[in-house]
Amino acid sequence: MALSSARPVLIAGGGPVGVIAALALARQGIAVHVFEAAERVNDAPRAATTHAATLEMLDELGLVEDVIRRGLVEPLFRTWDRATGKLVAEFDFGRLNNDTRYPFAVQCEQHKLAGMAIARLRDFPHATVEFSARVTEVRQTSDAVEISVETAAGTRGVTGAYLIGADGGRSTVRKALGIEFEGYTHPERFLILTTPFDIGTKFPGCTRNYLSDPQDWCALFKVSGDDGKGLWRVLSSTRLEQSEAELFDDEAVEQRLQKFIPKDGRYAIVHRNLYNVHQRVAESFRQGRVFLAGDAAHVNNPLGGLGLNFGIHDAVELAGLLGRVLRREAPEDILDAYDRHRRPLNIEFVQQQTVANKKRMEEKDPAARAKNFEQLAATAADPAAHRAYLLRASLLDSVRKRAAAA
Ligand SMILES: Cc1cc2nc3c(=O)[nH]c(=O)nc-3n(C[C@H](O)[C@H](O)[C@H](O)COP(=O)(O)OP(=O)(O)OC[C@H]3O[C@@H](n4cnc5c(N)ncnc54)[C@H](O)[C@@H]3O)c2cc1C
């Protein structure tokens, strides 16, 4: 397609959102250049849960089979009362079998997804992914955007038609544009401990478990791991005054895991990771020829597994809009739709939901806690309410709302 010889779309950040945006553009014949500051794809344990709405998009991009093959298919998730060990509610995405081709979640680590997209990009001569290349400055005119890129060989200027800032929560692009990141940071950090111990022996039949508790809640997820043998992640909350050294200490880690999932013998640990937790949305997702996508535009707590899913939806929507404009099928005004729709959708479907999920996990007031459990159990027990809950949890509702607005 002739478009590939035009000025490229520049993408700051080769995380999963940046490379999915690149793939969605490259498949339309649009020249793309991704600049990634790091030497390689970051394989720290972050997103894994990939929901139905996203699987449908990954299908369009030709990635879904690989995601399913390299991940774990899980239709269920369960909420437990940790104090009593009682199951509060079980939800089954299988109930969405008339709503989606993918009535389940797939636990596929985000570094695998990014790696798959980068491998596909190699098939397109008009797509470049450059590692060890940090975007440091952004300038724009009415018909072009220019960035400064810092590499081992020095700093150079690169000109493109548009720029997508997919450079994560601390986005240089967002800061360069002076766009506020509105919201708040939770006064705690989340610790993820990853173990090869099969926690499934203690929680059989479901690889996504939320253990609610007023003091010490935790979430237990299985991922397939790089060798496909399976690893479990245990996510819990820590106080800000607890240092990394204190939290990563072998004895502290052992005690924490034994408290949540008692077992004979010590735990083997393959990763210890600590994350700040935010609820923030950029005041605007667009300024002229520059767009924000993924964590650069919005960050949220990971309960519910929604952040990256929504970021992939940003990437796919933006690539579609840019494609129409670059092919001259539509006027540039259609690009306004990106900020107009995606920002409120993020607030409604990601911020509100993740805040509610976190509250439910940690509610301290006994009466409110009992009421939460009652409501969740009633939702799970009622077929219509169960389905409605899952349409929201899988982001299918957000995609439908967006489609209805178009
Ligand atoms: C513990 C945890 C669990 C999570 N679980 C889930 C889940 O199950 N499901 C879900 O949907 N989401 C989940 N998330 C959220 C998910 O990890 C993020 O939403 C996702 O990483 C966002 O992808 P991104 O590509 O926008 O940003 P990132 O993954 O942060 O990638 C940004 C990239 O930009 C690069 N970069 C930064 N600055 C520059 C620059 N100036 N120039 C060039 N490159 C730059 C960085 O090196 C990085 O590679 C989780 C998050 C955490 C912390």
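Predicted model: local features only at pLDDT ≥ 70, side-chain atom pairs only at ≥ 80, totals over all residues.
## Ligand surroundings and a helix pair

Residues are numbered from 1 along each chain as its sequence is written, and side-chain values use heavy atoms, with hydrogens and water left out.

| Residue | Atom of the residue | Atom of the ligand | Distance |
|---|---|---|---|
| Val 135 | polar backbone atom | nitrogen | 2.9 Å |
| Asn 309 | polar side-chain atom | oxygen | 2.8 Å |

Taken alone, the ligand exposes 1,000 Å², of which the protein buries 88% (accessible areas by the Shrake-Rupley method with a 1.4 Å probe).

Around the ligand stand 29 residues, of which Glu 36, Gln 110, Asp 295, Leu 308 and Asn 309 come nearest; a residue is counted as near if one of its heavy atoms lies within 4 Å. The helix α8 (307-326) gives the largest share of this shell, three residues, and α1 (16-26) and β9 (134-140), like α8, each supply at least two; helices are DSSP runs (H or I) of at least four residues and strands (E) of at least two.

The axes of α1 and α4 (residues 110-121), lines fitted to C-alpha atoms over the stretch in contact, come within 9 Å and cross at roughly 30°. The two helices are therefore roughly parallel to each other, the term for angles under 35 degrees.

Notes. Polar contact = N/O pair within 3.5 Å; in protein donor to acceptor, adjacent residues only side chain to side chain. Axes fitted to C-alpha atoms, helices over the stretch in contact; angles between N-to-C directions. Parallel < 35°, antiparallel > 145°, perpendicular 65-115°, else oblique.
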